Amino acid sequence: MKLPQDYSSGSSDGECECLPRPEIPADVAVLTTFVLRYQDAWFGMEKRVAFEAEDVAAALVMMERETIGAWAELTQDGNVICRRGFEPGGAADYWVVD
């Protein structure tokens, strides 16, 4: 069993020493975590990819590299942002914003 120790440079309440959270400059864009859930076009299995992007437009650009099959949805904090749609007859696909 590991007992908490008192570190002179860290926490003085007996808990584990933690690294300080880095300072984020004001001019740096804050990234948002998105989750892309989709059917993989090659294997037909459901796949989930979590990634960070500045906004939804940047997320859509990043998703172009994924081999999306018949369906897909993009979520942020569990809320559906958009879904993949298809035109009948094999026309180009599109994203529907919820």
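A residue counts as buried here when its relative accessible area is under 20%. In this predicted model, glutamate 73 comes in at 18%, so it falls on the buried side of that cut-off. Its salt-bridge partner is arginine 37, with the closest N and O atoms 2.9 Å apart. Arginine 37 sits in strand β1 (residues 32-40) and glutamate 73 in strand β3, so the pair ties together parts that are 36 residues apart in sequence.

Arginine 37 itself is partly exposed, at 22% relative accessibility. This arginine also forms a salt bridge with glutamate 46, where the closest N and O atoms are 3.0 Å apart. Glutamate 46 is partly exposed too, with a relative accessible area of 42%, and it pairs with arginine 48 as well, at 3.2 Å between the closest N and O atoms. Arginine 48, at 57% relative accessibility, is exposed. Through these shared partners, Arg37, Glu46, Arg48 and Glu73 link up into one network. The overall tally is four salt bridges.

Strand β3 covers residues 68-76 and also holds threonine 75. With 14% relative accessibility, threonine 75 is buried. Setting aside neighbours within four places in sequence, threonine 75 touches Thr33, Phe34, Val35, Val80 and Ile81.

Then comes the loop between β3 and β4 (79-85), which is where aspartate 77 is found. Most residues other than glycine have a negative phi. Aspartate 77, though not a glycine, has a positive phi of about 55 degrees. Aspartate 77 is also exposed, its relative accessible area being 72%.

Key. Residues numbered from 1 in each chain as written. Predicted model: local features only at pLDDT ≥ 70, side-chain atom pairs only at ≥ 80, totals over all residues. Heavy atoms only, no water. Helix = DSSP H or I, 4+ residues; strand = E, 2+ residues; numbered from the N terminus. Buried < 20%, exposed > 50% of the residue type's maximum accessible area, 1.4 Å probe, protein only. Contact = heavy atoms within 4.5 Å. Salt bridge = Lys/Arg side-chain N within 4 Å of Asp/Glu carboxyl O.
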